[in-house]
Amino acid sequence: MKLPYAESYKIKMVETIKKSTREERERWIKEARYNLFNLRSDQVFIDLLTDSGTGAMSDKQWSEIMLGDESYAGASSYYKMKEAIKEICGFAYFLPTHQGRAAENVLFSVLVKDGDIVPGNSHFDTTKGHIEFRKATAVDCTIDQAFNTKNECPFKGNIDLNKLEEVLKNNPKEKIPFIVVTVTCNSSGGQPVSMQNLKDVKKLAGKYGIKVIFDSARFAENAYFIKKREKGYEDKTIREIVREMFSYADTMTMSCKKDAIVNMGGFIGFRDEELFKKAVVYNIMFEGYITYGGMSGRDMNALAQGLKEGTEFDYLESRIEQVAYLGKKLTDFGIPVILPYGGHAIFVDAKRFLPKVPKEEFPAQMLAIELYLESGVRGVEIGALMADRDPVTRENRFPELELMRMAIPRRVYTNNHMDYVAVTLANVYERRNEIKRGVKIIKEAPILRHFTVELDRI
Ligand SMILES: *Cc1c(COP(=O)(O)O)cnc(C)c1O
């Protein structure tokens with residue numbers, strides 16, 4: 001028999017989590033104004049709000065914390081991080097930043113100006129935010145299959161080369177500072193980009209003389225999918241695949257709170273010394289001196305170690321197979337989820353789950369509330385609430401996909417927790433026809449409203 005996958009680690013330290021009663025949860029969610037971001041973490045039993053910064057560090061990472069060098073300039077921790085980045089990603093120059101969006105802020109301060117156009121594959125919200133904040137426009141060139149939740153295309157994060165070429169052809173070169181490729185593509189459901197597509201994008205960009213930047217928070221998960229799904233890569237190691245992936249990027253940003261398995265941290269990787277030197281000025285201004293840039297020495301040490309652990313096949317296999325394990329359980333219950341299963345999360349199609357709740361009453365948010373009420377599991381809405389209002393008309397925007405995401409923290413929960421989550425959702429699914437109404441907005445901020453919005457049940 002083929003052996004099943006098993007975690008490539010064992011547990012040395014545990015953290016208690018507590019169940020609650022339905023009455024308590026009814027009270028807490030009401031007090032939280034039906035916004036799950038307002039819940040206290042001890043009111044949650046299993047927390048699938050995000051996989052960002054919520055992973056469990058290893059014994060080796062904790063040892064590295066003790067070895068951190070907190071010198072202001074030239075710390076050994078900086079050099080440890082530099083060597084890990086050179087070895088794993090292949091970039092000669094780098095700047096540490098306190099997290100991913102800070103890397104975007106520094107790099108885009110050099111590259112993006114008013115009126116620019118930045119094509120990419122479903123830009124992450126902070127990436128888009130940093131582009132739009134500079135009065136530039138993000139153009140989504142993701143393949144159409146990404147928007148069909150039932151389509152099982154293996155690389156739904158891919159860029160549509162025709163859409164991309166349209167943008168490159170129809171705009172002056174000076175208006176396009178770079179193309180951004182997000183690996184894996186978070187906004188389209190944690191879907192990977194194929195090596196062929198990375199290669200083709202680089203080639204097309206080269207033809208027009210444009211730079212390619214990777215937004216690489218989940219680069220290792222992307223490499224795992226390439227190994228599993230793309231011909232010619234089955235016998236390559238994750239590290240070899242990662243090196244080849246990055247060979248098609250001129251520059252990169254990384255939120256290390258994802259695949260580098262640290263609670264805080266990020267960086268920018270450069271090949272071009274000139275660009276690096278320009279970015280140094282902004283890094284010093286916004287983040288800190290170039291050899292720590294918003295990070296403690298101990299955190300840089302843990303990050304360097306995390307980059308190594310995060311690119312080991314056995315770890316990635318247990319990580320991604322655990323997500324698929326949950327996905328399969330839900331599919332077996334008949335629950336509509338995005339296929340294929342993403343690398344870091346399962347996305348439930350709320351329109352199909354709660355067809356009776358009108359889109360104006362935020363079905364994905366209602367589903368997240370029901371999931372929480374059922375057993376204390378916290379997911380998050382990725383739908384009309386998050387999509388905000390149109391900046392001009394101030395009307396609600398209703399995106400094609402109305403999703404409830406359950407992101408799985410790295411090395412944190414067991415498959416028993418996944419079973420618990422699956423049965424919780426199945427129980428809600430069983431009474432889905434009784435859920436006919438959703439929520440209405442009481443109070444909202446002008447942008448990024450989902451974090452602070454106040455709601456009430458209808
Ligand atoms: C998380 C993330 C970011 C932003 O990183 P933070 O560390 O949260 O600031 C950018 N891009 C992608 C694809 C991400 O997943």
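I took contact to mean heavy atoms within 4.5 Å. The model I opened is predicted.

**Entry 1: a helix on a sheet**

I looked up helix 12, residues 313–332. It lies across strand 9 and strand 12. I read its angle to strand 9 as about 25°.

**Entry 2: the sheet**

I traced the sheet next. It is open and has three strands, in the order 9-12-11. The pairing is antiparallel. I reminded myself that strands of a sheet pair through backbone hydrogen bonds, either parallel or antiparallel.

Which strands stand at the edges? I found strand 9 (345–349) and strand 11 (380–382) there. Each has a single partner strand, so one side of each is left without a neighbour in the sheet. From one strand to the next, the twist averages 35°.

I then checked strand 11 against strand 12, residues 403–407. They pair in the antiparallel sense over three bridges.

**Entry 3: the ligand**

How many residues surround the ligand? I noted 14. The closest are Q99, R101, D215, S255 and K258. I sorted the shell by type: two residues are nonpolar, six are polar and six are charged. Helix 4 (residues 100–111) gives the most to this shell, with three residues.

I went through some side chains in turn. Q99 has an N or O atom 2.8 Å from an oxygen atom of the ligand. R101 places a polar side-chain atom 2.7 Å from a ligand oxygen atom. For D215, a polar side-chain atom lies 2.8 Å from a nitrogen atom of the ligand.

Last, I looked up the cover. Taken alone, the ligand exposes 380 Å², and the protein buries 97% of that.

Conventions:
Residues are numbered from 1 along each chain as its sequence is written. This is a predicted model: local features need pLDDT of at least 70, side-chain atom pairs count only at pLDDT 80 or more; totals for chains, interfaces and linings use all residues. Side-chain values use heavy atoms; hydrogens and water are left out. A residue is near a molecule or strand if one of its heavy atoms lies within 4 Å of it. A polar contact is a pair of N or O atoms within 3.5 Å; within protein, one must be able to donate a hydrogen and the other to accept it, and residues adjacent in sequence count only if both atoms are side-chain atoms. Accessible areas come from the Shrake-Rupley method with a 1.4 Å probe; for residues, only the protein chains shown count as cover. Helices (H or I, at least four residues) and strands (E, at least two) are DSSP runs, numbered from the N terminus. Ala, Val, Leu, Ile, Met, Phe, Trp, Tyr, Cys and Pro count as nonpolar, Asp, Glu, Lys and Arg as charged, and the others, Gly among them, as polar. Two strands pair if DSSP finds at least two bridges between them. Axes are lines fitted to C-alpha atoms, for helices over the stretch in contact, and angles run from 0 to 180 degrees between N-to-C directions.
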